[in-house]
Amino acid sequence: MSSSLPPSSSAVEAKPSATLSRAAFWRVFGSTFITIFLAELGDKTQVTTLLMSAQSQAPWIVFLGAGTALISTSLIGVLLGQWLARRVSPATLDTAAGTMLIGITVCLLWDIVHL
């Protein structure tokens with residue numbers, strides 16, 4: 001017997017990727033791309049990749065190695081984030097991330113003050 005009722009909210013929450021609209025996909029993809037792209041510009045990974053490329057005279061091999069490494073670390077982040085999201089509330093994750101960033105900031109400021 002089929003039902004014409006829409007799926008319950010718990011069924012929709014159970015499969016977020018299946019119900020993600022095209023607009024929502026591009027919104028998440030775009031915000032992720034822009035955030036990571038801007039965060040990575042000029043960081044130590046990019047400078048290291050630049051130096052390795054110049055030193056090795058093999059830019060495409062360096063590109064493949066660096067790209068594979070960045071994809072691998074991103075995969076670890078996504079899998080860990082998915083695992084945590086199943087076990088911890090979003091509010092708790094936000095609080096934990098904020099606390100860690102404040103802790104890092106305090107440590108960096110402490111290091112600067114005591115040079």
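**Pocket and helix packing**

Guide: Helix 5 gives the largest share of the lining of the largest pocket, eight residues. Keep in mind that this is a predicted model.

Visitor: OK, what's the volume of that largest pocket?
Guide: The largest pocket comes out at about 750 Å³. It has 19 lining residues, and the closest to its centre are I36, F37, E40, L70 and S74.

Visitor: Which elements give two or more residues to the lining?
Guide: Those are helix 3 (22-40), helix 4 and helix 5.

Visitor: And how does the lining divide by class?
Guide: The lining of the largest pocket has 10 nonpolar residues, seven polar and two charged.

Visitor: Switching topic: at what angle do helix 4 and helix 5 pack?
Guide: Helix 4 (residues 44-56) and helix 5 (residues 59-87) pack at about 155°, and their axes are 8 Å apart. An angle over 145 degrees counts as roughly antiparallel, so helix 4 is roughly antiparallel to helix 5.

Visitor: Is their crossing left-handed or right-handed?
Guide: Helix 4 and helix 5 cross in a right-handed way.

Visitor: Which residues meet there?
Guide: From helix 4 you have T45, T49, M52, S53 and S56, and they meet P59, V62, A66 and L70 of helix 5. In that contact, five residues are nonpolar, four are polar and no residue is charged.

Definitions and conventions: Residues are numbered from 1 along each chain as its sequence is written. This is a predicted model: local features need pLDDT of at least 70, side-chain atom pairs count only at pLDDT 80 or more; totals for chains, interfaces and linings use all residues. Side-chain values use heavy atoms; hydrogens and water are left out. Axes are lines fitted to C-alpha atoms, for helices over the stretch in contact, and angles run from 0 to 180 degrees between N-to-C directions. Helices (H or I, at least four residues) and strands (E, at least two) are DSSP runs, numbered from the N terminus. Angles under 35 degrees count as roughly parallel, over 145 as roughly antiparallel, 65 to 115 as roughly perpendicular and the rest as oblique. A crossing is left-handed if the near helix is turned anticlockwise from the far one by less than a right angle, and right-handed if clockwise. Contact means heavy atoms within 4.5 Å. Ala, Val, Leu, Ile, Met, Phe, Trp, Tyr, Cys and Pro count as nonpolar, Asp, Glu, Lys and Arg as charged, and the others, Gly among them, as polar. On a 1 Å grid over the protein atoms alone, a cavity is a set of points where a 1.4 Å probe fits but cannot get out, and a pocket is an open set with protein on both sides within 12 Å along at least five of seven lines; lining residues have an atom within 4 Å of a point. Grid points are joined across faces, edges and corners, and a volume is the space filled by probe spheres set on the points.
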